[in-house]
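Subject: Handover of a structure with its ligand

Dear colleague,

Please find below the structure that I am handing over to you. My notes on the surroundings of the ligand follow it.

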Amino acid sequence: MSVLRAQVRGVGHYLPDRVVENAEFEKTLDTTDEWIRTRSGIERRHFAAEGETTSQMATAAARAALDDAGMDAGDLDAVIVATSTPDLTFPSAATMVQAQLGMTGGFAFDVQAVCAGFVYALTTANALIVAGQARRVMVIGAETFSRIMDWTDRGTCVLFGDGAGALLLEGGEADGASTDRGILACDLHSDGQYRDILYVDGGVSTDTVGKLRMEGKEVFRHAIEKLAATAHAALDKAGLGADDVSWIVPHQANLRIIKGTAQRMGVGMDRVVVTVPDHGNTSAASIPLALSVARQRGQIKDGDLVVTEAIGGGLAWGSVVLRW
Ligand code: UT7
């Protein structure tokens with residue numbers, strides 16, 4: 001049976017120049033490089049320059065993905081940006097990217113599911129492509145979480161970083177089999193009961209800006225329980241199992257969560273892409289950043305089965321299974 005699959009044509013990323021090592025935080029906070037490394041696996045992170053915005057980073061990542069695909073912005077039908085830190089309340093970061101890329105056709109919008117944003121955006125892009133609403137979709141995760149840090153809260157500000165990653169998807173004919181290239185299955189969840197364990201204490205309709213607040217231990221507990229379950233559910237939907245997985249590309253929040261999830265899935269760490277030591281937690285940008293870095297490292301090869309999984313504020317979580 002011939003079906004349309006959303007297939008990967010290109011990938012790219014952008015990281016701001018400024019790199020901040022853990023030791024920097026020792027100067028202003030009651031913390032140590034050792035604590036940050038052992039509790040989170042993070043060693044350094046990138047921070048956007050003054051005046052550097054989410055849409056600028058997203059555009060740079062999109063350009064890299066277009067180069068990788070050998071395509072121009074004019075070839076795109078849609079741009080989706082997953083972000084919780086847009087430049088402005090409106091218009092969307094995606095329309096800003098559209099303008100910066102010089103696209104005057106197609107459509108663009110943002111998706112906001114915090115750290116699960118890229119998985120939500122991939123699922124949305126897949127639905128648009130399979131429904132014939134768009135053929136080529138640029139899916140971007142981009143964040144400037146440094147702007148919503150409380151620099152006096154050692155429990156959060158040492159964990160996050162800035163950056164952007166982009167994946168260019170195009171509809172292609174396939175057999176409708178689990179051996180097809182492209183997105184094979186998606187699995188999304190949210191539960192607003194847990195909205196107060198990870199949130200920003202401000203927003204437009206409350207007339208405040210706000211800073212990120214997190215009950216780390218609680219989020220950790222949910223992550224360990226929910227990530228392996230959603231990844232298994234997505235694999236099940238695709239008619240595949242853990243043994244078929246070439247690479248898990250997890251949301252990069254904490255190395256202990258990444259290891260715990262891989263262990264629960266029965267997948268060895270030699271099949272897990274890890275970038276958290278160098279990027280910290282870049283929220284919706286972490287998975288596309290990791291995908292792009294993994295391609296550069298020569299880890300993900302054409303035909304490899306890739307499982308992405310993420311959880312964040314909401315809580316919102318999910319998983320996408322794709323064959324590169
Ligand atoms: O991306 C969205 C999803 N987010 C996540 O997945 C994050 C999930 N949570 C985590 O990654 C971990 O919970 C953290 C890395 C945030 C914290 O690790 P933990 O092992 O859960 O530590 P904890 O919060 O239980 O804190 C242990 C101790 C506390 O001190 P007491 O109460 O035991 O005296 C904290 O006050 O560590 C203290 N602490 C710190 N110490 C030094 C908290 N932050 C720091 C710090 N430096 N930066």
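The ligand sits in the second largest pocket. A pocket here is an open set of points on a 1 Å grid over the protein atoms alone, with protein on both sides within 12 Å along at least five of seven lines; a molecule sits in one if more than half of its atoms lie within 2 Å of its grid points. This is a predicted model, in which local features need pLDDT of at least 70 and side-chain atom pairs count only at pLDDT 80 or more, while totals for chains, interfaces and linings use all residues. Residues are numbered from 1 along each chain as its sequence is written, and side-chain values use heavy atoms, with hydrogens and water left out.

The ligand is surrounded by 22 residues, each with a heavy atom within 4 Å of it. The closest are Thr31, Lys217, His251, Asn254 and Asn281. By class, this shell has eleven nonpolar, six polar and five charged residues, with Gly counted as polar.

Helix H6 (216-237) gives the largest share of the shell, four residues. Helix H2 (33-40) and helix H7 (255-265) each supply at least two residues; helices are DSSP runs (H or I) of at least four residues.

A polar side-chain atom of Thr31 lies 2.6 Å from a ligand nitrogen atom. For Asn254, a side-chain N or O atom is 2.6 Å from an oxygen atom of the ligand.

Kind regards

Note on methods
Polar contact = N/O pair within 3.5 Å; in protein donor to acceptor, adjacent residues only side chain to side chain. 1 Å grid on protein atoms, 1.4 Å probe; cavity = no way out; pocket = protein on both sides within 12 Å on 5 of 7 lines; lining within 4 Å.
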